[in-house]
Amino acid sequence: MTTPQPTRVDGMGPLEPVPFIDLVAQHQTISEEVTSAVTKVFSEQRFILGDEVLNLESEIANYCDAREAIGCASGTDALLLALMALDIGKGDEVITTPYSFFATAGSIVRAGATPVFVDIDAKTMNLDPEAVAAAVTPRTKAILPVHLFGQCADMDALWRVATHNNLSIIEDACQAIGAEYQGRRAGVLGRVACFSFFPTKNLGGAGDGGMLTTDEPELAKRLRRLRVHGEMTQYHHMEVGLNSRLDALQAAVLRVKLQHLEEWTIARQRNAARYADLFAERGLLDVIELPTISEHSRHVFNQFVVRVRDGLRDRILNFLREHKIGCMVYYPKPLHLQPCFSDLGYQPGSLPKSETAAEDSLALPIFSELTAAQQETVVRGIAAALGRPAKVSGAVVPRPKFLPFGPRVGDEAQRKHRESA
Ligand SMILES: Cc1ncc(COP(=O)(O)O)c(C=O)c1O
């Protein structure tokens, strides 16, 4: 592989390459801890479930303030297990967002049910509760909101629809560990929540891994059974489940990383605030729309996704790529337009807000170890792509409307919340 060379674009020195994510930089800060945790597992030779997984489950339950946590093999499996445990299958409909990673809807189909896609809120890009209410039919069994990019969906409004229609809510919290909605963490905002430990998540393992959380002990019991072929006691199968166990090696790595999650999340939030300042200083807010942070929300920025106005997204995307500055499009084709769902009958134009988001959204580097200089380069690159002046004007610019990050709920606040509930 050739090393990308810095290039000059605006007479202000070279535009250095910036990675979209740098997992090596993060690993370097914890490599000794990880190595000793992994070595311990090798010395014990217990690779499937076991104490490491049990301990991780209890630590994640604690982190999310949930009663139960159940490890499994991936976020995708967590979604499938949640649907199975709620007896959702053939003939049932699950209302969800088309603006998500494929697994959200793929799992519904794998469970035998039908995904019903409804449009998103134009600002937050999360599921629009009014659209959900309008899509409920006698066949609807559940709502599956995604806490997109690290910000919780509008759960109060979704619960109103769910309660009114006797529906379950399954949280797709795969991108949102540590996110909060009105002071409560993702993981306790539905009947059951699904997390992913894919390496690029805020809490990422050394491979695939997933977790479910719930406050319902009976549901937890069923999930534990379903992840091991529906086995009740050895070789006694109550139902047909999956092989979806979490590896002890993954759990050991994740337990080390969980101890750093808060500091990494705060670093992501700092980076988001820094982008807001940089875009304002460069006078780019007429073209770049910053992510909307809802009130009473703690956004954990698994992704920092801006919207680019005036059809200029691809110009910026191509320019940044050409200059080896990391950027991604999440997601270029909404799920309702994927070929495998064509039999559901959606057409271009069916869900216009999701389709617009696919055309104008742009994810920028936000990983915890990103430096101020790298962020400066990203924003300079965008200015150069737009043919904007190289230098910052020097004029005092008002800080953009970028709501504060919301409360970080510590144990004390969580305890009070529980007592008052
Ligand atoms: C919103 C969402 N749902 C589900 C998943 C699936 O998780 P996994 O890749 O661990 O199967 C992901 C992860 O990429 C995701 O971002």
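Predicted model: local features only at pLDDT ≥ 70, side-chain atom pairs only at ≥ 80, totals over all residues.
Two strands count as paired here if DSSP finds at least two bridges between them. To get from E6 to E7, the chain passes through helix H6 (residues 155–165), giving a β-α-β crossover that is right-handed.

Strands E14, E16 and E17 make up an open sheet of 3 strands, in the order E14-E16-E17, with antiparallel pairing. The edges are held by E14 (288–289) and E17 (361–364); each has a single partner strand, so one side of each is left without a neighbour in the sheet. Between E16 (residues 304–308) and E17 there are 4 bridges, and these two strands run antiparallel. One of the residue pairs is Val306 with its bridge partner Leu362 in E17. As a reminder, strands of a sheet pair through backbone hydrogen bonds, either parallel or antiparallel.

Next comes the ligand. It is surrounded by 15 residues, the closest being Ser74, Gly75, Thr76, Cys174 and Ser196. Helices H3 (75–85) and H4 (103–110) each put at least two residues into this shell. By residue class, the shell around the ligand splits into 8 polar, 5 nonpolar and 2 charged.

At the level of the whole protein, there is a division into domain 1 (7–21 + 261–411) and domain 2 (27–119 + 127–258). Their C-alpha centres lie 27 Å apart, and the contact draws on 29 residues from domain 1 and 25 residues from domain 2. On the side of domain 1 that touches domain 2, the elements giving two or more residues are helix H9 (261–281), strand E15 (297–298) and helix H11 (352–360). H11 gives the most to that side, with 4 residues. The make-up of this side of domain 1 comes to 17 nonpolar, 10 polar and 2 charged residues.

Methods. Residues numbered from 1 in each chain as written. Near = placed C-beta within 6 Å. Nonpolar A, V, L, I, M, F, W, Y, C, P; charged D, E, K, R; others polar. Right-handed = clockwise from strand over helix to strand, strands pointing away. Domains from an automatic or database assignment. Contact = placed C-beta atoms within 7 Å.
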